[in-house]
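Please work through the exercises below with the sequence and the structure at hand, and try each task before reading its solution.

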Amino acid sequence: MIHISKRVDFTLFKGRAAGLNRFVGWGVRLIAVLLSLVVSGLLIYAITRLNPLKVYGVMANGVFGTPRRTWAWLRDLALLLCISVGLAPAFKMRFWNIGAEGQVLVGGIATAACMIFLGSTSIPSVLLLVIMACAAMAAGAVWGVVPAVFKAKWNTNETLFTLMMNYIAIQLTLFFIPKWEHPKGSNTVGLINAVTNRGWITPIVSADAISKMDPNAWTTALVKNTVGQSYFINLLIVLVITVCMYFYLCRSKHGYEIAVVGQSENTARYAAMNVKKVIIRSMTLSGAICGLGGFLAVAGADHTISTATAGGRGFVAIIVAWLAKFNTFVMVLISAMLVFLEKGAVAIASEFSLSNDVSNIITGIILFFILGSEFFINYEIKFSKRSGKGA
Amino acid sequence: MHHRGGPRPAVHAFKEGMGLETRTVVEPPAAQEAPRVPAIRMEGITKTFGSIKANVNVSLDIYSGEILSLLGENGSGKTTLMNMLSGIYFPDAGSIYVDGKPVTIKSPKDAIDLHIGMIHQHFKLVNVLTAAENIILGLKGNFVLDLKSVRKAVSDICDRYGFEIDPDKKVYDMSVSEKQTLEIVKVLYRGADYLILDEPTAVLTPQETQKLFGVMRNMKQDGKSIVIITHKLHEVMAISDRVAVLRKGEYVGSVATKDTDPQQLTDMMVGRAVSLNIDRPEPVNIRKCLEVKNLSVVDIEGVTKLDDVSFTAYGGEILGIAGVSGSGQKELLEVVAGLQPARPGSSVIFTDMDGKTSSLIGKTPMEIKKLGVHLAFVPEDRLGMGLVGNLDIADNMLIRTYTEGSGMFVDMKKPHQLAEEIVHDLEVVTPGISTPVRKLSGGNVQKVLVGREISGKPSLLMSAYAVRGLDINTSYTIYRLMNEQKQRGAAVIYVGEDLDVLLELCDRILVLCAGKVSGIVDGRNTTKEQVGLMMTHLGLPEEVKA
């Protein structure tokens, strides 16, 4: 007989697991990752006859091989993390916001619009970036608050509503692309302000300044690979938001309201909370941060807008948020891993001229094991011999 | 009232009639003889849930044609043990024999194949179906539904044991007692010879309980075995032939009912001597606290829940509220707490201990909170309203106070201290204050909730079914806490269902009948039967009016 019983308890507000040593939990996850690597390795060998260790080596090299690759990884990590952190208040409130994709996209549209229309003005660059960020957050917030208002006032289903909002955002993007088309006839927006770099997030310390520094000093290398990188700002912004969101959710009065409303509206009313206000406020915040993700994608990475700007990250972020149980610090680890897999998969696909599907299979196997490990963390399985049998 | 005066003579006739029969059958005919073969034998049953040992090496015999009471405090493993007989759980270790043969019960279907049927505390009925439809639900049958023969079979069962049931009545139109009857008929229809009733009287009025007992005795005479899970001792004494006692998951022993008394049973159950008297200190320093006038409530569906209710609750006394469940008790408390809107013309005036008077009608909970009134409310739905199951004990302390202090962050120290205090003072059994309350047993959940509510030093403490499902020890702790609040000068409103307790604990009892005030009686000189009558018939019975 097999017995399955729940063993982990999760206290929602402070976001801690009780009842299980947290090291056990992380141990199980580590074992899952190792197992998944073994299984993927066997599969790689079975299909391609390649040495799995070599394949993994290529994977790691594809992500960490050069500072440039590492920064590309950090850039994507920051974007995914930003959206995941944005989803945290919504999901902690049990508001099924699957509209992050759309919120990112409208954030991106707002950013692109600011770049295009304010790029030729004489607004100082920093101020322009601030305006762009605010516009992106406002757009994302609108996309988030509309379903929230309907939910609060008429109890509509937010899952369908937020999903539909995604399609509106995609259509809106398709509407703007021909208007902002560059060069004409390409049916893409192209790099915005490619010459002036207006509205681009640029390194804190410019390449010029670095070239004037002593090329042999270790500090120069450090500066070059940190503040000298434009993605450093992306990462910094997202890490600050991550820390703030942690304390907002797990220590603040608002965070407490979110936890209670998500668990039971009756209790929330009993506790004299304004349930509607909490729903609307939290979704405004959630949408705004996802919108900021759009800003980072457009101003900090792509410098253009297309329907692929969000790139499915709005949905991957849902996995991140839930796997991390809304703990934003854990989200850092999970998004780092997911982006590593994605990047590494692309690297092995090109190195061994495998189809992209193989890399997707590996990603799938690893995710399968990690998601599966949650079961073993949450439940205890006991095997017993002929228990309870009559004779 | 079309049924005015109906049940009373019937109940009396019933009691007299049944009394005779009880005497003759209360001794199991073979009890004194050489060892009888038990119809069902559970041997060495162990069941654990995670680290919690629900049953440890329990052995229990059930004989045919007996009514066995399974007695134990909350969390002592009564329901778990019976769930293993009815196929809900599977034991970790141990064996079950039916008629001497070893059996494996893996599902409720296995159980019913062995003629074991259980009536759960929470009814498992489909509201939109009729009684007959619920009875055949899930059973194999012909392709064409033959409800006619089902009705016939159902009415046969009813005639045989004295049930009253309308096979074509929809479940949502049924009273709690009708639903319970339906559940019993359902398992009988499936051929159960061994019936397990999990706290069947918790939701019934005294009259309904008597009726149920009558039916149970009829079933026993027909050779059925009945196990009744309960912790009401007077019911154990009234109905059962034998009592088996569990304590903390372990089997303590069994005694013939005629050889025991409530005190001995309590001692077995608790493991030490416990006084069964509820204190009722004389009220002192009475002051007006809550004045409700012409209160009417209509719910969303347009059903009148409260109709012109007026009463006054005084500081320094416990005002009990009695009534069949769903008579408007919930709405009454929720209106005062601001959770339920009232009709225009209703008035609720609250006077705080410091003499400050405020009107609570039409205010939201937030507005009431802002008034600064000291109002505590222990709602019926503990984990669905009073507490959040997924938050730990300390975080649940914050529900009332999280807005305190300036700035946007929550003060984590005070709730921590309060949680520690409550765990210590009220002897809450928990691994620690960072355990989610969902993981605590019912009694400990209630201690946490009541502890938090009285920590605000309330002028008015409202409680709904504060001891429902709690064991004796915890119940007495709750009564003690209520009395402490009363002596502190707070007005205590105690909505209860156990009339014995209401009559022992409360100074005055307001009886609700279908949303109207049937009367307010003195708890010191009223009988259970009088209150029971007022619950079902509007108005004071003749003998109380004086």
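This is a predicted model: local features need pLDDT of at least 70, side-chain atom pairs count only at pLDDT 80 or more; totals for chains, interfaces and linings use all residues.

Residues are numbered from 1 along each chain as its sequence is written, and chains are lettered from A and ligands numbered from 1 in the order in which they are written.

**Exercise 1.** State the confidence of chain A and find a stretch where pLDDT stays under 50.

Solution. Begin with pLDDT, the predictor's confidence in each residue, from 0 to 100; its mean over chain A is 89, and 93% of the residues of chain A reach 70 or more. Then turn to residues 386-391 of chain A, where pLDDT stays under 50 and for which the model has 19 contacts beyond four places in sequence, a contact being two residues whose C-beta atoms, placed from the backbone, lie within 7 Å.

**Exercise 2.** Describe how helix α14 (residues 328-351) of chain A crosses helix α2 (residues 52-64) of chain A.

Solution. Helices are DSSP runs (H or I, at least four residues), numbered from the N terminus. The axes, which are lines fitted to C-alpha atoms over the stretch in contact, with angles from 0 to 180 degrees between N-to-C directions, come within 8 Å and cross at roughly 115° for this pair. The residues in contact include V55(A), V58(A) and M59(A) of α2(A), and F340(A), K343(A) and G344(A) of α14(A). By class, the contact of α2(A) with α14(A) holds nine nonpolar, three polar and two charged residues (Ala, Val, Leu, Ile, Met, Phe, Trp, Tyr, Cys and Pro count as nonpolar, Asp, Glu, Lys and Arg as charged, and the others, Gly among them, as polar).

**Exercise 3.** Is helix α7 (residues 206-221) of chain B mostly covered or mostly uncovered?

Solution. Twelve of the 16 residues of α7(B) are buried, so this helix is mostly covered (a residue is buried if 20 or more other C-beta atoms lie within 10 Å of its own, with C-beta atoms placed from the backbone). The buried residues include L212(B), F213(B) and M216(B). Just after α7(B), G223(B) takes a positive phi of about 95°.

Key
Helices (H or I, at least four residues) and strands (E, at least two) are DSSP runs, numbered from the N terminus.
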